[in-house]
Amino acid sequence: MNNRIVITTDYLRPGDTVDTMLRDRGLEPVYSPAGGTRTDEEKLALFEGAVGAIAASEPVARDMLATPPQC
């Protein structure tokens, strides 16, 4: 089972409290802060297979969250 959590914020980092909390619960944080404009295809690929997301640095469209059925 995939346990990826996509994190697009620029203020959460590997090893911080949130990272530790997620990992303690068996989740796999994937950090990809917005560093500019992403294409729609890049956004969809980023969320593919994810079970959740913490996104605050860029807009998230409905189709991005609809692609991974478990999200």
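Predicted model: local features only at pLDDT ≥ 70, side-chain atom pairs only at ≥ 80, totals over all residues.

Colleague: How do the side chains of R23 and D19 meet?

Modeller: They meet in a salt bridge, with a distance of 3.0 Å from N to O. The structure holds one salt bridge.

Colleague: Is D19 buried or exposed?

Modeller: One reads this from the relative accessible area, where buried means under 20%. D19 has a value of 5%, so it is buried. R23, at 43% relative accessibility, counts as partly exposed.

Colleague: How do the strands of a sheet pair?

Modeller: In general, strands of a sheet pair through backbone hydrogen bonds, and the pairing is either parallel or antiparallel. Here, three strands form an open sheet in the order β2-β1-β3, with parallel pairing.

Colleague: Which strands stand at the edges?

Modeller: The edge strands are β2 (28–31) and β3 (52–54). Each has a single partner strand, so one side of each is left without a neighbour in the sheet. From one strand to the next, the twist averages 25 degrees.

Colleague: How many bridges join strand β1 to β3?

Modeller: Three bridges join β1, residues 4–7, to β3, and the two run parallel. As an example, V6 has A53 in β3 as its bridge partner.

Colleague: Where does α1 lie?

Modeller: Helix α1 lies across β1, β2 and β3. Its direction is at about 140 degrees to β2.

Conventions:
Residues numbered from 1 in each chain as written. Heavy atoms only, no water. Salt bridge = Lys/Arg side-chain N within 4 Å of Asp/Glu carboxyl O. Buried < 20%, exposed > 50% of the residue type's maximum accessible area, 1.4 Å probe, protein only. Pairing = 2+ DSSP bridges. Helix = DSSP H or I, 4+ residues; strand = E, 2+ residues; numbered from the N terminus. Axes fitted to C-alpha atoms, helices over the stretch in contact; angles between N-to-C directions. Contact = heavy atoms within 4.5 Å.
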